[in-house]
Amino acid sequence: MRAQFIFHEVWIGLRRNLTMTVALVVVVAISLALLGTGLLFVKQVDNTRTYWQGRVQLSVYLCTAAIASPQCAKNGPATAAEKAQIQQQLRGLPQVSTVTYLSQGQAFAQFKQEFAQDPAFVNLTNRGDIPDSFQVRLKNTQADAGIVAESINGAPGVDQVLYPSSILDKFYKLLDGARNAVVVIAIILIIAAILLVANTIRLSAFNRRRETSIMRLVGASNFYVQLPFLVEGMIAGIFGWLLAAALLVAVKSLGLNALQGYFSFDVQLRSSDLIEVIILTLIVGVLLTGATSFLTLRRYLRV
Amino acid sequence: MSATQSSACDGPVIHFDNVTKLYPNQSRPALESVNLDVEKGEFVFLVGPSGSGKSTFLRLVLKEERPSEGRIHVAGKDLARLTNWKVPHLRRRIGCVFQDFRLLPQKNVYQNIAFALEVIGKPRRFIRKVVPEVIDLVGLEGKRDRMPDELSGGEQQRVAMARAFVNRPMILLADEPTGNIDPATSIGIMKVLDRINRTGTTVVMATHDAAIVDSMRKRVIELEYGKVVRDQSRGVYGQAY
């Protein structure tokens, strides 16, 4: 009885200001979708970071006959004694955890594997083109990479020292910037959504002022007077969330997965990440519409 | 103190103790030092010109307004000590009828009356039983499916009275119930109010209608500029009229 009565009232309310309800649903949907996209970006960046954290953190490339950098031109290819010297020096550094030697043969095999989809590129490359190197793992964070690189750079036999963070930092900056932009727009839209919820509820309360005045007169409790409006706001929130969830699935499967295609490393977002984000947006959506309706009603439907 | 404790049955149903109501931005109080008691089962006319404080009196009883000074007890409850969330329970014991009927235009007679019970969470079976009874009581047999705009003014007021009475309130407040109705029809309305009064419900009716007051010979409280100038049992509207 009670539930049926309340849902009947809710239905009347939603139907009576249909245009407002539609606007509300769309704004809630877009703001939640943007918020979710921002969160997916955060997760993507995190995943990429952990991926690289677990990988080789520093590569010390050695001079070979094929390399014509000024550094190598001066000394010629690295000799066995120089290699031993470099390895010793690296092992002696307090920041370094392990040092492994990657021969030209191993490096070429790895290269062939990584670019297996691109045989033309592999065919153009010869075994001797890829220099041998020391792969260095650091004890702590990527922050030490610069110090280690500094101390070994310029040693005889060393061509160049590369560490992924130096390359990835630009990529991270790009992702972080995109994430921040998305979150800022989401926040602006959420504010718009809050104002729209407040307005819709106010309009709805105004449309039904006869009913509510009679309800108050015959002694309906505040709960009974306010619940239809509250449910009305939350239903709009849930519809908005459903739309947002569909948009997020699209963002992940079309946007982020396509972005992944450009990189050879495998840091796809899992479905569980997407589900987590969608659940989070549901909570935000329902809280947002529910709390706003409640606060609006406190102002407009006093005893 | 004991008056608050004791059940609502023995004390007056409405008790005004030196009540003054001053609205903000007004120099003259709407009610000034009003002392009065309305006993259970009484029928009281509240008379006086516009602005004399009749509506303020009714609003104070409903706790739609708070008095600036003085104490009000309704149905044995001290209104000053009634918390906001208890106010709905007070209002369930008070029925209200207005000059402008205040029916819901999209609901028919039955639905308008049932609405008052639905919103206080009464079970459907109870509603199905009592609504037809009260429709008969106010004399609207056979019109339960009519919409308000298909009814005459008198019939609409009967629906409003049925809605006010369907929950068997202790008090019925009527604010100019015959104000929009021609004299012949008003007699019918007064008969319904009298019938409601005979069930033991206290009726307080604010009115301008001298003919009705004179014909009923009930208690008359006259207000002027917010003061009680006359309180007479079996009174008339006033010598001057």
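**A helix and its neighbours**

The helices α4(B) and α6(B) cross in a right-handed way, meaning that the near helix is turned clockwise from the far one, whereas a left-handed crossing has the near helix turned anticlockwise by less than a right angle. Before going further, please note that this is a predicted model, in which local features need pLDDT of at least 70, side-chain atom pairs count only at pLDDT 80 or more, and totals for chains, interfaces and linings use all residues. Residues are numbered from 1 along each chain as its sequence is written, while chains are lettered from A and ligands numbered from 1 in the order in which they are written.

α4 of chain B covers residues 109-118, and α6 of chain B covers residues 153-165. Helices (H or I, at least four residues) and strands (E, at least two) are DSSP runs, numbered from the N terminus. The axes of α4(B) and α6(B) come within 8 Å and cross at roughly 30°; axes are lines fitted to C-alpha atoms, for helices over the stretch in contact, and angles run from 0 to 180 degrees between N-to-C directions. The two helices α4(B) and α6(B) are therefore roughly parallel to each other (under 35 degrees is roughly parallel, over 145 roughly antiparallel, 65 to 115 roughly perpendicular, and the rest oblique).

On the α4(B) side, the contact is made by B:Val109, B:Asn112, B:Ile113 and B:Ala116, and on the α6(B) side by B:Val159, B:Ala162 and B:Arg163. Two residues are in contact if their C-beta atoms, placed from the backbone, lie within 7 Å. The residues of this contact divide into five nonpolar, one polar and one charged. Here Ala, Val, Leu, Ile, Met, Phe, Trp, Tyr, Cys and Pro count as nonpolar, Asp, Glu, Lys and Arg as charged, and the others, Gly among them, as polar.

Now look at another neighbour, α5(B), made of residues 124-137. α4(B) and α5(B) pack at an angle of about 125°, with their axes 10 Å apart. That makes α4(B) oblique to α5(B). This crossing of α4(B) and α5(B) is right-handed. From α4(B), B:Val109, B:Tyr110, B:Ile113, B:Ala114, B:Leu117 and B:Glu118 meet B:Ile127, B:Val131, B:Val134 and B:Ile135 in α5(B). By class, the contact has nine nonpolar, no polar and one charged residues.

In all, 18 residues of chain B are in contact with 15 residues of chain A. On the side of chain B that touches chain A, α3 (87-91) and α4 (109-118) each supply at least two residues. The largest share of that side, four residues, comes from α3(B). By class, the side of chain B that touches chain A has 10 nonpolar, three polar and five charged residues.
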